[in-house]
Amino acid sequence: MSEAPGAGKAFVLFSAGPAQRFIASARTVRDLWTGSFLLAWLTRHAMEPILQHPACGPEAFVLPDMSRDPLPLNGTGTPRAGRSAVSVRVACLPNRFLAEVPETEADTLAQQCRKSFQDAWQEIAEAVRQRLSEEIRSTPLEADWQESVARLWQEQIDSFFDDQDVRAVVVRWSDFPKELMQELLGSTGPTDGPQEDRLWTDRMQLAFRLLAAQKAVRKVTSYQPEPNPLGMYAPKCTLLGTYEQLGPAELSKSAPFWQKFAERVRVRGIRLRRGERLCAPSLVKRFAWPAYLQDKLREIGQELDENSLELRFEDTATVAAAEWLAEEPALDPWEIRRKDNDWNGQWIHWNRPDQDKEEPCSEKIWKAIWPVIRQKRELYGGAPSYYAILMIDGDRMGQFLNARAGRKHPQNVSQILACFALDQAETIVQNHKGTLIYSGGDDLLALLPTSQVLGCAFKVRQVFTRLWDSNTFPSLLPTLSAGIAIVHYKEDLRFALEQARLAEKRAKDSGRDILCITLCRRSGEHQTALCPWEFVETVQGWVQAFLPKVEGAKKIPGASDRWAYHLYQELPTLEGLPLAMQADPSAQQMAQGRGLSVEDLALEAIQAELRRQMNRAEEATRKRLFGPNFQQAGDQLAQQFASYRQQMKDRNYPVGQLLRHFLTLCQMASFLARRREE
């Protein structure tokens with residue numbers, strides 16, 4: 001950043017929302033990705049006034065690191081090293097940024113950033129509106145479409161990212177001298193480094209606090225839709241329930257309108273699904289890629305391969321069965337799509353090509369895939385029907401940024417986060433046969449096969465941790481909390497995302513730096529368990545033991561989970577042992593005589609039952625679980641529980657609750673291996 005010596009400076013902190021609502025209102029994987037990418041695209045436009053300002057440029061940005069522009073808008077930026085054509089699919093910019101700018105330009109730049117964001121949103125929305133109007137022109141849909149668009153379109157687009165959602169906080173350094181900062185923040189800031197560095201960090205902290213205060217003010221929407229000529233309001237959008245769907249307001253006309261819309265409107269292969277009735281923001285999200293972004297990325301010189309241009313994302317059924325499909329080239333979705341321009345992951349669960357009469361499988365494709373599907377079912381069993389959503393987020397990153405005084409510390413943090421987002425995250429997820437939706441540095445969202453998700457989560461955490469140089473950050477290692485939701489491919493994607501978000505929240509609420517797994521069975525039974533990062537490899541070992549193997553034409557079953565089922569059945573009794581012993585004088589006397597606490601005595605009883613049940617298991621099961629040491633299987637299972645308890649010791653869970661989490665993880669491991677309900 002070039003600036004005259006002694007010139008005044010200011011922080012501009014920009015934030016755009018509503019991020020979660022915009023991204024999570026998705027029915028398909030493509031919708032989910034588009035929401036993330038659109039927000040990154042719009043945020044990148046918001047950066048442009050600062051990037052192009054002669055006194056600023058990429059070095060003005062404190063967060064994120066823009067020395068390697070992940071999304072150059074003019075084709076002249078510095079892209080990521082070794083960027084592949086498909087990498088543009090990774091939405092790798094967070095929805096906020098912090099820049100250090102000249103004080104005299106700060107207010108103007110903040111306004112320009114907001115305007116640039118809004119202008120980009122309006123440009124995309126208008127491109128989508130025009131394209132859809134072209135598709136509908138001279139059809140029976142045109143009159144109802146034009147009438148509703150005239151009433152609702154612009155009102156909905158303007159209100160979606162309004163002034164309360166797109167914010168820019170300005171902190172002029174001259175307005176906040178040392179004495180005022182001490183009065184405002186007290187002694188909460190860093191104590192190391194020169195005074196100017198400490199003051200720099202205090203002002204940065206103030207900017208984030210001011211933004212948080214603005215966000216805490218409850219939003220009062222200015223959206224006031226117009227009724228139709230009969231005074232009627234249309235039903236709500238099926239994705240964004242705060243907005244009315246376009247088309248006729250009358251219920252009797254709405255369903256036929258949207259049915260015909262789904263049948264007739266195709267924009268480069270992208271369409272609506274049955275039952276969808278959308279508002280303007282949802283339509284923009286669905287059609288932004290084919291109507292605008294695809295051509296725009298070509299225009300600015302981005303290298304895109306055919307698959308990227310077509311924006312092909314696997315459906316959740318295909319994600320669930322990624323490993324099952326990879327074992328047979330004849331079932332390669334990309335190859336089938338290349339030859340026949342069609343693929344639906346649900347086909348692998350069908351028994352006839354017209355199982356869905358409204359969207360059947362073509363006879364040509366069915367004749368090619370059905371013999372292979374039938375053979376694989378006989379050999380491996382049915383295709384996996386459950387997949388996993390992995391959601392990871394950094395812990396207390398704000399505190400971590402403020403831990404050291406001066407600009408150098410957050411710059412180093414920003415560079416490491418960019419390195420992970422641009423160079424590591426996509427490869428890790430792809431190596432585990434998953435689909436990366438978003439990686440912003442310290443947060444990640446991905447869809448994976450169930451048997452791969454634990455390995456992926458563990459690898460993400462491992463690589464993320466290694467990136468922090470202990471010489472640069474002594475005693476300062478950021479941690480990650482993660483949530484995993486295991487869901488059936490037929491579940492509503494919005495429900496699945498919410499379960500992953502709740503799992504991540506529970507990990508945060510349980511002391512952070514931990515993994516929380518939620519299993520949502522199609523039958524309605526849900527289970528949740530906490531898994532310390534150090535224990536993930538143990539659970540992975542269980543998963544591998546439960547997985548069946550095929551050697552030649554012979555199928556070797558995985559380990560039986562009957563022992564885990566029996567233990568889980570006994571859980572109410574085992575869980576209540578500590579309280580029962582606490583109320584039993586003889587148990588108290590026994591514990592006292594041995595110099596133990598009552599909980600330690602209960603732990604011994606629990607471990608004895610773990611040994612008993614495991615030692616009763618079939619020899620084949622014990623061998624799959626513990627290998628050459630299978631004769632001591634009971635002792636090893638008891639030791640695994642002791643290790644789990646040790647790793648959870650700082651979280652203050654009683655031994656009964658820890659046993660519940662431990663046995664739930666045992667059952668989950670079996671389910672992750674089977675990947676379907678039997």
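1. A residue is called buried when its relative accessible area is under 20%, exposed when over 50%, and partly exposed in between, using a 1.4 Å probe and protein chains only. By this criterion nine of the nine residues of strand β8 (residues 480–488) are buried, so the strand is largely enclosed by the rest of the structure. Helices (H or I, at least four residues) and strands (E, at least two) are DSSP runs, numbered from the N terminus.

2. The model is predicted: local features require pLDDT of at least 70 and side-chain atom pairs pLDDT 80 or more, while totals for chains, interfaces and linings use all residues. Residues are numbered from 1 along each chain as its sequence is written, and side-chain values use heavy atoms, with hydrogens and water left out.

3. In a regular strand, side chains alternate between the two faces of the sheet. On β8, Leu480, Ala482, Ile484, Ile486 and His488 are buried on one side, and Ser481, Gly483, Ala485 and Val487 are buried on the other.

4. Strands are taken to pair if DSSP finds at least two bridges between them. Strand β5 (residues 386–394) pairs with β8 in the antiparallel sense over nine bridges, with Ala388 opposite Ile486. Strand β9 (residues 515–520) runs parallel to β8 and is joined to it by five bridges; Thr518 of β9 is the bridge partner of Ala485. Between β8 and β9 the chain passes through helix α17 (residues 493–509), and this β-α-β crossover is left-handed. Right-handed would mean a clockwise path from the first strand over the helix to the second, with the strands pointing away from the viewer.

5. A nonpolar core is a set of buried Ala, Val, Leu, Ile, Met, Phe, Trp, Tyr and Cys residues joined through side-chain atoms within 4.5 Å. The largest has 110 residues, and Ile486 and Trp563 are among those with the most contacts inside it. Helix α26 (residues 655–674) supplies the largest share of this core, 12 residues. Apart from it lies another core, of 100 residues, including Val166 and Tyr387.

6. Contact means heavy atoms within 4.5 Å. Beyond its neighbours within four places in sequence, Trp563 is in contact with residues including Phe546, Met614, Leu637 and Cys666.

7. Arg114, in helix α3 (residues 106–136), is partly exposed, with a relative accessible area of 26%. Its contacts, leaving aside neighbours within four places in sequence, are Phe14, Asp163, Val166, Arg167 and Ala168. A polar atom of the Arg114 side chain lies 3.2 Å from the backbone oxygen of Val166. The C-alpha atoms of Arg114 and Arg167 are separated by 7.1 Å, although these residues are 53 apart along the chain.

Technical notes: Polar contact = N/O pair within 3.5 Å; in protein donor to acceptor, adjacent residues only side chain to side chain.
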